[in-house]
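This report describes selected strands, a helix, a pocket and surface features of one protein model. The sequence and structure are shown first.

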Amino acid sequence: MQKFPYTISAESITVVCQGKPHTVRKGAANFDKLKKALVAEQWGKVPDLLSVAKTVQSWAKGKFKVEGDRVFYGGEAIPTDLDSRILAMAANGEDPTPLCRFWERLQKNPSYRSVKQLFQFLQNVGIPITEDGCFLAYKGVKEDFKDVHSGQFDNKPGAINEMPRNKISDDPQLACHEGFHVGDLSYAKGFGPRVVICKVDPEHVVCVPYDESQRKMRVCRYEVTGNYGVQLPDTSFKEKAAPGKKTLTEVLFASKLAKMPADKLLDCSLDSLRKYAANDLKIVGASKIPGGKMALIQAILKTRG
């Protein structure tokens with residue numbers, strides 16, 4: 001087995017392969033795997049770990065192929081917007097497999113125009129892909145969680161709203177028309193006093209209106225996964241497993257917090273408030289809300305209503 005000359009520092013790895021030096025920086029998708037292979041003298045793995053492109057292929061288990069600077073799926077070049085998302089995830093050391101699942105789901109969308117428009121929407125900040133290939137967006141709703149337009153649809157965490165696809169307006173020239181609307185954070189904040197996080201299957205995207213700089217879309221189905229806490233990441237979002245059953249003490253404590261005024265909440269530990277906010281109020285990103293305990297309490301009071 002051929003051995004490869006190499007040097008490893010805290011910030012980079014340089015390997016000489018076929019007479020050419022290849023440098024991989026710390027933080028690159030292939031840095032840790034390459035380092036592990038070199039230290040273990042697994043020389044057969046080294047050539048495939050010298051570029052992000054080959055790392056993407058190994059993560060996707062052969063479904064994605066990288067040729068030059070383009071990514072192919074099933075022999076077809078994927079859109080450049082999705083291309084850039086895959087490389088962004090790889091550069092962050094993230095497994096781009098969710099993008100594979102996203103692409104497979106998107107193939108079920110019957111609208112050519114919807115498929116093409118969706119990638120423009122995904123360029124907005126804070127619209128991540130979930131592990132199962134769906135994506136998360138935001139929705140502005142009333143204080144009672146009902147939709148702003150009709151006041152008929154419930155948007156509490158766990159709610160699923162849907163209507164027949166042929167009842168949704170697919171005309172991108174019409175900004176506000178028939179259908180469920182979700183958008184990026186800036187759009188949702190300007191639409192309703194309360195913001196929730198919605199999970200959308202690419203198959204259910206109907207239209208991305210031209211106005212609002214592609215910040216919103218109409219869909220025929222979405223699931224409310226939680227209350228807005230902090231802005232979501234741009235590339236991927238790892239959904240946590242459902243929490244285990246609570247003890248009687250935890251149930252009683254959550255019930256107590258639900259009725260506790262702001263001055264009493266200040267006496268609770270930050271850890272307890274974060275658990276209550278995340279598990280009982282479904283505030284997404286509760287542990288990362290900037291501003292300390294006071295900011296978290298304000299988010300709790302707003303969500304409790």
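Strand β11 (residues 194–200) is mostly covered, since seven of its seven residues are buried; buried means under 20% relative accessible area, exposed over 50%, and partly exposed in between (1.4 Å probe, protein chains only). Helices (H or I, at least four residues) and strands (E, at least two) are DSSP runs, numbered from the N terminus. The model is predicted: local features need pLDDT of at least 70, side-chain atom pairs count only at pLDDT 80 or more, and totals for chains, interfaces and linings use all residues. Residues are numbered from 1 along each chain as its sequence is written, and side-chain values use heavy atoms, with hydrogens and water left out.

In a regular strand the side chains alternate between the two faces of the sheet. From β11, R194, V196, C198 and V200 point one way, while V195, I197 and K199 point the other way, and all are buried. Two strands pair if DSSP finds at least two bridges between them.

| Strands | Sense | Bridges |
|---|---|---|
| β8 and β11 | antiparallel | seven bridges |
| β11 and β14 (residues 221–228) | antiparallel | four bridges |
| β4 and β5 (residues 70–73) | antiparallel | four bridges |

Individual residues locate these contacts. R194 in β11 stands opposite V141, and C198 has V224 in β14 as its bridge partner. K65 is partnered by F72 in β5.

Strands β4, β5 and β6 form an open sheet of three strands in the order β4-β5-β6, with antiparallel pairing. Its edge strands are β4 (64–67) and β6 (76–77), each of which pairs on one side only.

Burial is also found in a helix. Helix α4 (residues 97–106) is mostly covered, with seven of its ten residues buried. These are T97, P98, L99, C100, F102, W103 and L106.

Rolling a probe the size of a water molecule over the atoms shows where empty space is left. The second largest pocket has a volume of about 370 Å³. It is lined by 18 residues, of which D147, H149, H177, G179 and H181 are the closest to its centre. β8 (135–141), β10 (180–183) and α6 (185–191) each supply at least two residues of this lining. On a 1 Å grid over the protein atoms alone, a pocket is an open set of points where a 1.4 Å probe fits, with protein on both sides within 12 Å along at least five of seven lines; lining residues have an atom within 4 Å of a point. A volume is the space filled by probe spheres set on the points, which are joined across faces, edges and corners.

On the surface, Y6, I8 and V39 form a nonpolar patch with about 260 Å² of accessible area together. Patches are made of residues with over 30% relative accessible area and no salt bridge, with nonpolar side chains joined within 5 Å. Accessible areas come from the Shrake-Rupley method with a 1.4 Å probe. Y6 lies in strand β1 (residues 6–8) and counts as partly exposed because its relative accessibility is 34%.

Which residue has a positive phi of about 55 degrees although it is not a glycine? That residue is Q18, in the loop between β2 (12–17) and β3 (20–25). Q18 is exposed, with a relative accessible area of 75%. F145, also a residue other than glycine, has a positive phi near 75 degrees. F145 is found in the loop between β8 and β9 (160–162) and counts as buried, at 9% relative accessibility. Most residues other than glycine have a negative phi.

How values were computed. Patch = residues over 30% accessible without salt bridge, like charges linked within 9 Å, V, L, I, M, F, W, Y side chains within 5 Å. Salt bridge = Lys/Arg side-chain N within 4 Å of Asp/Glu carboxyl O.
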